[in-house]
Structures are given as C-alpha cells and as structure tokens.
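Reader: Can you walk me through this one? I'm new to this.
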Amino acid sequence: MTIRVRFAPSPTGHLHIGGLRTALFNYLFAKKEGGAFILRIEDTDEERSTRESVDAIYQGLMWAGLTWDEGPMPDGSVKGNFPPYYQAQRADMGIYKKYIDQLLAEGKAYKCYCTPEELEEMRQKAHAEHRPPRYPGKCRNLTKEQQAELEAQGRKYVIRFKMPTEGETVFNDLIRGEVRFANRDLYDLVIQKTSGYPTYNFACVVDDHLMEMTHIIRGDDHISNTPAQIQMYRALGWKEPIFAHLSMIHGPDGTKLSKRHGDTSVIEYKRQGFLPEAMINYLALLGWSTPDSQQLFAPGELEEKFDIKGCQKSPAVFDTVKLMWMNGDYIRQLSSKELLNRAKPFIEEAGIAKGVDEGRLEQIVALEQEKYKTLREIPDLISFFFTAEVKFDEAAVNKVFKTETAKKALELMIDKYGALQDFTEQTLEQTARTAAKEAGLKAGQIFHPVRVSVSGRTNGPTLFKMLEYMGKDMVLKRMRAALRYC
RNA sequence: GUCUCGUUCGUCUAGCGGUUUAGGACGCCGCCCUCUCAAGGCGGAGAUCACGGGUUCGAAUCCCGUACGAGACGCCA
C-alpha cells in the first residue's frame with residue numbers, strides 16, 4: 001500500500017512556524033517513503049476561516065518549497081482523486097451527514113439539546129467540585145418523548161458521539177510508543193454543530209479515512225484527541241491509521257510557541273530575509289536528528305535521510321540565533337548571481353541603487369556576502385555605494401581621522417590615486433603599499449583613513465575591491481571631502 | 001483539578017547495559033589568518049545525564065516512585 005500523509009491546517013490566521021514544521025515532517029516522510037503528501041483545508045469553523053488565511057497557507061508552503069501532490073491549488077484548480085479538499089465544500093455535499101446519520105441510526109450517537117449556557121454552568125460546577133470539566137452525558141439517554149418535547153420547545157441540538165465508558169484505548173504511536181487512555185476519561189464530544197457542520201474531530205476522522213491516509217503525523221497537542229478519534233473509526237467500522245505525534249516547539253520561556261513570542265508567521269520570516277532552504281533545514285532539526293547529529297543538509301538530502309525514528313519526544317525551544325547562523329551559511333553558499341536575485345526585493349524596498357547596472361550591483365552585493373545573516377541587512381551594508389555623500393560614523397571619524405597621520409595619508413593618496421590610469425584592485429593596493437613605504441607609514445595608517453573616507457565606516461568590504469567598484473571619480477571626490485574631518 | 005506526555009552542556013541534539021575522562025552543532029571565550037569587519041582554521045570553558053530508590057558484575061541507557069515542566073480537557077482546529 002502506498003503511503004499517504006496529509007497536512008490539514010485550518011485557515012484561521014497566518015501559517016505559523018509550528019504549522020510549517022508539521023507540514024515539513026509530513027512532506028519529508030512522504031518523500032522518503034515514496035508516498036503522497038496531501039493538503040486539506042479544515043475550514044469547518046465558519047466564523048474564523050478566511051480566504052486570506054488560505055492564501056497565506058499556499059504562500060507559506062510554496063515559499064518553503066513544500067509542494068503537495070494532492071489538494072486544492074492556488075489557481076483554483078484541484079489535484080488528486082479525492083476532491084474536494086476543502087471541508088466546508090465536503091460538508092455542503094453532505095459527506096459528513098451521511099456518517100452522522102449512520103451513527104445515529106446505530107445508536108452510537110445522540111442529539112444533545114443543552115444550550116451553551118447550560119454547558120458553561122455544568123463546567124463551572126464540575127470545576128468547583130474538582131471533577132474534570134467534561135460533558136457529563138446529560139442528554140445521552142433521553143427518551144423519544146423527552147426529545148420530542150424539547151424539539152417542540154424549538155430547542156436546537158448538536159450531535160454527540162457516544163464514547164465507551166469502560167476499558168481503555170491503546171495505540172502505538174510511531175514516536176512515543178504505546179499510549180493508553182482509560183475510556184472513562186473520554187467524553188461524549190460534539191460531532192455536529194447546531195449549524196449542521198461537523199466538528200474537527202469528526203470531519204478529520206471521516207476525511208482521513210475517505211482520503212485513505214495511512215499515517216497521521218501531527219502536533220503533540222492532538223494526542224488527547226487521538227483515543228476519541230480511534231473510537232470513532234471503530235464505531236464507523238474503519239481501520240485507524242498509524243499515528244505519530246510530533247513534539248511541540250516552545251518559545252524561550254518554555255511554553256508552546258505562539259503570538260506571545262512575537263510574530264511567528266512564516267511570511268514574516270520571509271520578510272525578515274530568511275532563505276526558505278535555511279528555514280527548512282533549521283525546522284527539520286527542531287525535534288529531529290540523524291544518528292550523527294548532522295547539521296547542514298544539501299538540497300534533497302533531508303528527503304533522503306529523514307527517518308521518523310529520529311524524532312524527539314520532548315519539546316524543542318526555537319532558537320533564532322541558531323537560525324541566523326544557518327541562514328548566514330546558506331547565504332554564503334549562494335552564487336553571486338543568485339545572491340543578487342534574492343537580495344533584489346530588499347534592495348528595491350529600501351529604495352537604493354535605482355538604475356544601477358546589474359553586473360555592478362551583483363559585484364557590490366557579493367562584496368560582503370560572508371557577513372550577511374539575513375537578506376534584509378544587505379541594503380544597509382551596501383547603501384554607501386549609492387549615496388550622494390558619505391554618512392560618517394562618528395566613532396569611525398574619531399578613531400581614524402583624529403590621528404596625526406590621517407590627513408597626510410589622505411592627501412598622499414589623493415595625489416597617488418589621482419595619477420592612476422588603471423583603477424583596479426591590484427594596482428590600487430600596490431600603489432597604496434608603495435606610497436606607505438615611501439612616506440614611512442604603516443600600511444594600516446593609509447588603509448584605514450581611505451576606508452573611512454569613502455565609506456564612512458570602519459568595518460567594510462575588502463578595501464581595494466571596494467575602491468575599484470566605486471570608481472576613480474567617486475573615490476577621489478570622497479577622499480577630498482573627508483579632509484575636513486581630519 | 002483530571003488525563004496524557006516529557007526531563008542529557010544556556011539552546012538544538014548524539015547516545016539505545018560495558019568501546020564514555022558523555023560526542024557534535026549554535027552561542028560564548030582565546031589564538032591563528034588578516035587592510036577593518038566578517039568568513040575560515042585551531043583550541044577552551046560549559047552536562048554530578050531532574051531527584052530518590054531498585055534490577056545488574058556493571059546504568060544516561062531497564063523498572064518503580066518523587067519533583068518539575070508542557071499539552072489537552074470548546075457547538076476551535
């Protein structure tokens with residue numbers, strides 16, 4: 001049997017880091033096992049589901065390169081043999097209703113007429129009496145007459161699933177091993193809302209079965225839903241899939257990663273200048289590892305090496321610092337052409353280097369490639385190439401220009417460089433070194449003032465390449481202008 | 001409160017009864033390289049393997065408790 005797994009997000013907000021990681025593990029598992037990765041949109045929450053959120057999910061997955069083999073496509077088309085892949089559409093087709101009716105007919109589900117207010121009251125009471133705040137089964141054994149009476153009053157109802165009250169539900173989780181729940185701790189959960197829509201737990205079971213999922217890989221936060229879902233599979237006469245519960249991602253404070261920890265949306269990381277391949281590599285390592293604890297993976301290597309056995313049971317703290325390092329590493333591996341392509345949106349957004357020749361811009365961007373941790377910092381680091389005047393860093397001026405030899409050095413180099421025909425890296429360096437020797441100065445006493453005079457900064461790219469790319473006119477102009485600071 | 005799960009350097013982790021003076025990575029510190037900053041190379045500090053019992057000739061590794069943490073307990077998913 002071919003392996004089929006799915007990512008089933010609910011479109012009620014941005015696709016966040018945790019969701020992307022769940023998608024990733026499903027994706028990798030499918031790739032590794034030669035199975036199919038399916039996208040299903042769980043939009044049975046009529047109030048919170050939005051079109052924008054669906055778009056955010058598409059965008060996030062596509063950015064990360066997690067292509068799905070089946071599911072709805074951003075252009076409105078559908079791929080796969082089990083459409084539709086939107087649960088709301090499936091609900092409208094009566095797919096869930098059919099199984100609800102079946103359970104009702106078999107006495108495995110019942111109508112519950114309790115109002116939200118009554119439910120809340122029961123929960124309060126349970127809390128006060130130190131009992132678990134679960135539905136106590138008030139409508140479970142209503143007679144036909146009682147039901148008729150309640151309906152005559154115009155009462156709305158939900159459908160609840162009859163959970164077994166004895167025995168236990170045991171399953172073998174691929175990551176956590178055997179997990180057991182006493183059935184007495186289960187409760188009669190709602191499977192159909194008053195609106196007629198199914199609830200998550202029910203729709204999920206029906207679709208996972210109908211779509212022939214073999215493995216359910218999802219967050220740990222679903223582990224307590226699992227015994228209930230298993231009971232529903234059994235009541236419907238279906239075989240349950242194999243479950244694997246991924247550990248959570250935590251923030252620095254040790255609690256589940258959420259808005260509280262800042263903007264965790266995937267698109268925000270794109271905006272911050274992270275490379276999708278770095279993000280994926282980092283996320284893969286959160287709660288998963290190879291036996292040799294490999295850190296960096298070449299393209300395609302994760303798909304090849306992924307093994308669900310390497311998944312961690314305990315939660316992992318999301319570490320932005322390590323992500324930054326990894327992102328820097330991926331940036332360093334880019335060709336200068338590719339680096340420019342990736343950097344372009346950020347450069348454009350910063351509004352610098354307009355109309356600059358592509359080839360020249362590529363050279364300039366590549367000049368400090370080893371320094372970038374994110375694409376977003378690129379504009380700031382290269383902007384001095386394109387400004388009309390140098391913006392001097394005060395500390396740099398004090399440190400480098402306020403010396404006895406700075407003025408002399410600059411005047412000397414204005415003279416020497418002014419006479420140069422061949423304004424290229426090698427000649428530039430040679431000229432500077434010779435001049436230093438002749439004047440009895442150390443190389444640094446020349447280099448540093450020149451650097452600050454043209455860039456305003458004390459740290460920057462390798463000096464002579466920088467001068468070459470800047471060009472003779474600009475270099476001389478800037479050195480002369482800098483004289484007044486000495 | 002109830003249920004479930006978890007606990008190895010600050011963080012991500014390797015480890016699956018003896019090869020462990022517990023290995024790697026990020027971060028941190030130092031040195032080297034060097035026109036600055038990075039990058040790179042080399043080295044260092046950093047974990048009584050949560051705690052307490054057991055099993056065993058031998059335990060981070062197996063078992064039982066305790067503590068702490070997290071998650072779940074919705075007509076949300």
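Predicted model: local features only at pLDDT ≥ 70, side-chain atom pairs only at ≥ 80, totals over all residues.

Reader: Which residues of H17 are buried?

Author: Ala-406, Ala-409, Leu-410, Met-413, Ile-414 and Tyr-417. Buried means under 20% relative accessible area, with a 1.4 Å probe and protein chains only. Helices are DSSP runs of H or I, at least four residues, and strands are E runs of at least two, numbered from the N terminus.

Reader: Where do they sit around the axis?

Author: On the same side of H17, because they cover an arc of only 135°. The arc is taken from the directions from the helix axis to the C-beta atoms.

Reader: New topic. At what angle do H19 and H21 pack?

Author: About 100°, with their axes 8 Å apart. Axes are lines fitted to C-alpha atoms, for helices over the stretch in contact, and angles run from 0 to 180 degrees between N-to-C directions. H19 and H21 are therefore roughly perpendicular, a label for 65 to 115 degrees.

Reader: And the sheet: what is the strand order?

Author: E5-E6-E9, an open sheet with antiparallel pairing. Strands pair if DSSP finds at least two bridges between them. E5 and E9 each have a single partner strand, so one side of each lacks a neighbour in the sheet.

Reader: What stands opposite Arg-160?

Author: Val-190 in E9.

Terms used: Residues numbered from 1 in each chain as written. Chains lettered and ligands numbered in written order. Heavy atoms only, no water. Buried < 20%, exposed > 50% of the residue type's maximum accessible area, 1.4 Å probe, protein only. Parallel < 35°, antiparallel > 145°, perpendicular 65-115°, else oblique.
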